[in-house]
Amino acid sequence: PVGPADWKDWRDRGVVAAVGIAWSDLLRLPIAKAAESMVSPAYGGNPKPVVMIDEFGFDYGGQMDEKSARILRLAKQQKPAMSFAVWEMRGPIPKVLAESYRDAADLVMMEGYVGNKSQYWWIASQVWSARRYGILAKTIIVLGVGKGGNPGEGWAETKEELEQQIRFVRLIAPESPGVGFFSGTPELLADADAMCARFSEIPTDGSGLPPDTLA
């Protein structure tokens with residue numbers, strides 16, 4: 001997340017920057033007010049602002065997800081030139097959210113924070129649902145890098161595990177346009193950056209994955 005006026009500096013560096021909005025600032029408001037809060041700011045004069053919503057996916061298609069979907073759709077209707085990037089914290093994506101992402105989101109970022117191959121089913125479930133609802137081409141898996149967000153939680157803590165997770169994503173989600181990362185040490189994020197420089201060259205047939213991971 002960046003300041004609303006920072007987009008020009010990032011654009012000159014080849015980066016599309018997004019202004020972050022927290023779910024708590026949206027979902028405590030009525031739907032119309034929530035949509036207005038997203039589309040009304042000037043965003044530093046950016047003619048095509050990008051808003052990044054952190055995060056949606058609360059009750060597996062229940063009332064909170066329904067409200068999230070309605071807010072997103074209304075905001076896109078009111079300001080079609082605005083782009084929306086949405087963090088999705090659960091998987092599989094419920095239908096009500098997936099359909100709103102298909103119609104109104106420009107990028108969906110799935111929180112695929114896992115430790116090792118015993119947890120890869122979580123990423124697989126996210127990819128399955130994104131493909132089912134026709135949004136995988138604008139969906140990326142965001143991998144957790146480092147020790148994790150809660151005590152005792154571990155994500156990709158080595159270069160080898162990080163590479164394996166990226167290769168796994170390429171295997172099961174070749175339609176996905178990229179991959180993302182959350183948290184992590186500078187050293188591990190540098191390894192992630194190096195892999196992303198050749199992301200499109202990473203094979204989609206599972207080459208480089210251990211046999212037990214392929215299985």
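## Cavity and salt bridges

The largest cavity holds about 50 Å³ of space, a cavity being a set of points, on a 1 Å grid over the protein atoms alone, where a 1.4 Å probe fits but cannot get out. This is a predicted model, in which local features need pLDDT of at least 70, side-chain atom pairs count only at pLDDT 80 or more, and totals for chains, interfaces and linings use all residues. Residues are numbered from 1 along each chain as its sequence is written, and side-chain values use heavy atoms, with hydrogens and water left out.

Among the residues that line the largest cavity are W7, Y43 and N46, lining residues having an atom within 4 Å of a point.

The structure holds 10 salt bridges, each defined as a side-chain nitrogen of Lys or Arg within 4 Å of a carboxyl oxygen of Asp or Glu; the table includes three of them.

| Salt bridge | N to O distance |
|---|---|
| D25 and R28 | 3.5 Å |
| K95 and E99 | 4.0 Å |
| D212 and K117 | 3.3 Å |

D212 lies in helix α9 (residues 211-214) and K117 in the loop between β4 (107-112) and α6 (120-132), so the pair ties together parts that are 95 residues apart in sequence; helices (H or I, at least four residues) and strands (E, at least two) are DSSP runs, numbered from the N terminus.

Methods
On a 1 Å grid over the protein atoms alone, a cavity is a set of points where a 1.4 Å probe fits but cannot get out, and a pocket is an open set with protein on both sides within 12 Å along at least five of seven lines; lining residues have an atom within 4 Å of a point. Grid points are joined across faces, edges and corners, and a volume is the space filled by probe spheres set on the points.
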